[in-house]
Amino acid sequence: MRNEDGATDTQTVVIGVVADPGVSTELARRLVERLPERLSSHVGAGVTWRVELASHMLYLDDSNQPTILDDGKTLEDRGWDQMVALTELPLRRDGRPLVFEVNTSERTSWISIPALGAFRLSTLLLRTIAAVIYCVSQRKELVLQTSDTARKGRVSILARDQLRGVPGRDEQAESGSIRVGGSRFRLLTGMVRINRPWRLLGSLDRVFAAAAATGAFGVFYASVWNMADTLSILRLAMINVGAIAALVGWLILHNGLWERSPRRGGKTRQPRLYNATTVVSLFVGVSCLYALLFVVAFLGALTIISSEYLESVLNHPVSFVEYLKIAWMASSLGTIAGALGSNFESEADVKRVAYGRRQLERF
């Protein structure tokens, strides 16, 4: 810590926030301006907090230990009192996910953004950064508490009510360090959030073109109308899920997205986690594509098929329900046909949709 302008009564604490390029850096940029006020209110009043942001690729070494920077510079060389690293990588200790790890002696901290989950990410990240900074600032009086709240999935750190709400399942303290374990479900949903699967809509245009062309067939042909009219809502829903699953499965198999364990020639140490993330990410992305296709098919059916003609074909009065069923069936047929369109997408394009930046680098 240094005195500002040489004064002895006001301390200036400089926090270096190092973030992975991509989502981590985007989140950090939004929080940097809010962080000094948060620290002044909840960590150290009477201290001038200054936050500096750097965007660098962060790595895990061969022993799966975090390596913050490899340029040989110390905190003093950078003019920082503490360093907080934000990564999209899933951190683990003894096979369990970590929300964050703090090394109080080296004044460095790691935060795994995916472990915070998929919702209220900016709020949770701001609280977690404040929490790890407090851990280092008060390292001489480091006291951990485990409460009923912690067992329910939220952790209270260092008896500071202001820092409640940081997600975690338990805490573990060792000499000079503190670790907070996370939930596997939060980690999975957080990795899906980092992947931003809704980008599939704007990336796989050939898939959508093939799906839309086949969906149009369902809107124009009376045989599809009759089939949709005779199917129950449950059966249409089953066809819906099956169509999405078929396209997801084809995208994974055709583009080699399924990862193997090291024992079977794979490179990743967490194949189950990454495979689950891939499946859920693509399922969300294809579901978004399906929803768009459904809207297009429904509007097309309303525009093209007159109610009088539809009644003459189905031999009973019609309402919006019949139009919805036609659109539903046409969308399912189109989604299955989208697998054909995926053959014309490059493998690199599909992987950019299925993976976040850090996951993509593993290939």
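**Labels and their criteria**

Guide: Arg 120 has a relative accessibility of 45% and therefore counts as partly exposed, since that label covers values between buried (under 20% relative accessible area) and exposed (over 50%), with a 1.4 Å probe and protein chains only. This is a predicted model, in which local features need pLDDT of at least 70 and side-chain atom pairs count only at pLDDT 80 or more, while totals for chains, interfaces and linings use all residues. Residues are numbered from 1 along each chain as its sequence is written, and side-chain values use heavy atoms, with hydrogens and water left out.

Visitor: What makes the phi of Arg 120 worth a remark?

Guide: Phi of Arg 120 is near 50 degrees, a positive value in a residue other than glycine. Most residues other than glycine have a negative phi. Arg 120 is placed in the loop between S9 and helix H4 (121-137); helices (H or I, at least four residues) and strands (E, at least two) are DSSP runs numbered from the N terminus. Arg 107 also is not a glycine and has a positive phi, of about 60 degrees.

Visitor: How do you know that Arg 107 and Glu 76 form a salt bridge?

Guide: Their side chains meet at 2.6 Å, N to O, and the definition asks for a side-chain nitrogen of Lys or Arg within 4 Å of a carboxyl oxygen of Asp or Glu. Arg 107 lies in the loop between strand S8 (96-103) and strand S9 (108-112) and Glu 76 in helix H3 (residues 75-78), so the bridge ties together parts 31 residues apart in sequence. Glu 76 has a relative accessible area of 53% and is therefore exposed.

Visitor: How many salt bridges does a search of the whole structure find?

Guide: The search finds 3. One of them joins Glu 26 and Arg 196, whose closest N and O atoms are 3.6 Å apart. This pair links distant parts of the chain, 170 residues apart: Glu 26 is in helix H1 (residues 23-32), and Arg 196 is in the loop between helix H6 (184-195) and helix H7 (200-203). Glu 52 forms a salt bridge with Arg 50, again with closest N and O atoms 3.6 Å apart.

Visitor: Why is Arg 196 called partly exposed?

Guide: Its relative accessible area is 24%, so Arg 196 is partly exposed. Glu 26, at 36%, receives that label as well.

Visitor: Why are H10 and H11 called oblique?

Guide: Helix H10 (residues 233-254) and helix H11 (residues 271-304) pack at about 125 degrees, with axes 9 Å apart. Axes are lines fitted to C-alpha atoms, for helices over the stretch in contact, and angles run from 0 to 180 degrees between N-to-C directions. Angles under 35 degrees count as roughly parallel, over 145 as roughly antiparallel, 65 to 115 as roughly perpendicular and the rest as oblique; H10 and H11 are therefore oblique to each other.

Visitor: What makes H8 and H9 roughly perpendicular?

Guide: The axes of helix H8 (residues 205-220) and helix H9 (residues 222-230) cross at roughly 80 degrees and come within 5 Å. H8 and H9 are therefore roughly perpendicular to each other. Their contact (heavy atoms within 4.5 Å) involves Phe 217, Gly 218, Val 219 and Phe 220 of H8 and Ala 222, Val 224 and Trp 225 of H9.
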